[in-house]
Amino acid sequence: MQKPCRYVVSACLAGQCCRYDGRSNLRKEVAALVEAGQAVPVCPEVLGGLPTPRTPSERRGEDVFSATGENVTEAFAAGAEAALYIAEECGCSAAILKARSPSCGCGRIYDGTFTRTLTDGDGLFAALLRKKGFQLFTEETFSPEHV
C-alpha cells in the first residue's frame, strides 16, 4: 500500500503552468515534495473547467468574479470540491497553497476590486480545506521544518 501524501499543494507552486496568465509560481521546495511523493498537486481553477490562460478573478464576498465582471463562482466551487476529493483520496492532512489566490489564498486574499487591495479571508478551496481541518500554509509561511 502506498504511503499517503501529507500535503496537497497548489499545482502552480509545483511548477505547473496553470496560473491565470499561463505561467507557474514554481517554488523548488514544493516541487521537491511532489517529486518525493509527499505532496499531490492540484489546480482547483483548472479542475473547475476554467481554461489556461484565463481572465484574472478575485473573490468578492461569497462569490468570485473575473476582471470582466463575469460571475465564475460555480467553476471555482466545483474545482474546490474536485481538489478536496483528490486531497482526501491521497490521505493529505495539510496544504501548501498560493497566497492571495481566489481559490487557494489563506488568511488574506485580494478584495475583488482588482486594485491589489488585500482583505481578510480565504479562497474557496482554502476555506473548504480549513472547514475539513487541514493545516494550511502558503508559499510564504511554509518552511522545510514543517515536513
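Rings of Phe, Tyr and Trp (its six-membered ring) count as a pair if their centres lie within 6.5 Å; planes under 30 degrees apart are stacked, over 60 edge-to-face, and the rest tilted. By that rule, this structure holds two aromatic pairs. Before you click on them: this is a predicted model, where local features need pLDDT of at least 70, side-chain atom pairs count only at pLDDT 80 or more, and totals for chains, interfaces and linings use all residues. Numbering starts from 1 along each chain as its sequence is written, and side-chain values use heavy atoms, with hydrogens and water left out.

**Stop 1: the rings**

Select Tyr7 and Phe142. Their rings sit edge-to-face, 5.5 Å centre to centre with 85° between the planes. Tyr7 belongs to strand β1 (residues 7–10) and Phe142 to the segment after β8 (135–138), so the pair links parts of the chain 135 residues apart. Helices (H or I, at least four residues) and strands (E, at least two) are DSSP runs here, numbered from the N terminus. Tyr7, Phe137 and Phe142 form one aromatic cluster.

Phe137 has a relative accessible area of 7%, so Phe137 is buried. Phe142 is buried as well, at 8%, and Tyr7 is also buried.

**Stop 2: strand β5**

Select residues 94–97, which make up β5. In a regular strand the side chains alternate between the two faces of the sheet. Here Ala94 and Ile96 point one way, Ala95 and Leu97 the other way, and all are buried.

Next, show the neighbouring strands; two strands pair if DSSP finds at least two bridges between them. β1 and β5 pair in the parallel sense over three bridges, and Val9 has Ile96 as its bridge partner in β5. β5 and β8 also run parallel, joined by four bridges. Look for Ala94 opposite Gln135 in β8.

**Stop 3: a charge over a ring**

Pick Arg60 and Phe65. A charge sits over a ring if NZ of Lys or CZ of Arg is within 6 Å of the ring centre and within 35 degrees of the ring normal. Arg60 lies over the face of Phe65, at 4.3 Å from the ring centre.

**Stop 4: the largest pocket**

A pocket is an open set of points on a 1 Å grid over the protein atoms alone, where a 1.4 Å probe fits, with protein on both sides within 12 Å along at least five of seven lines; lining residues have an atom within 4 Å of a point. The largest one has a volume of about 560 Å³, meaning the space filled by probe spheres set on the points, which are joined across faces, edges and corners.

Which of its 27 lining residues are the closest to the centre? Select Tyr20, Lys98, Ser101, Pro102 and Tyr110. α2 (44–47) and β3 (57–60) each supply at least two residues of the lining.

**Stop 5**

Most residues other than glycine have a negative phi, and most peptide bonds are trans. Go to Pro53, in the loop between α2 and β3: the peptide bond from Thr52 to Pro53 is cis, with omega near -5°.

Arg100 has a positive phi, near 70°, and is found in the loop between β5 and β6 (108–110). Its relative accessibility is 22%, so Arg100 counts as partly exposed. Finish at Phe114, in the loop between β6 and β7 (118–120), where phi is also positive, near 60°. Phe114 is partly exposed, with a relative accessible area of 30%.

Definitions and conventions:
Buried means under 20% relative accessible area, exposed over 50%, partly exposed in between (1.4 Å probe, protein chains only).
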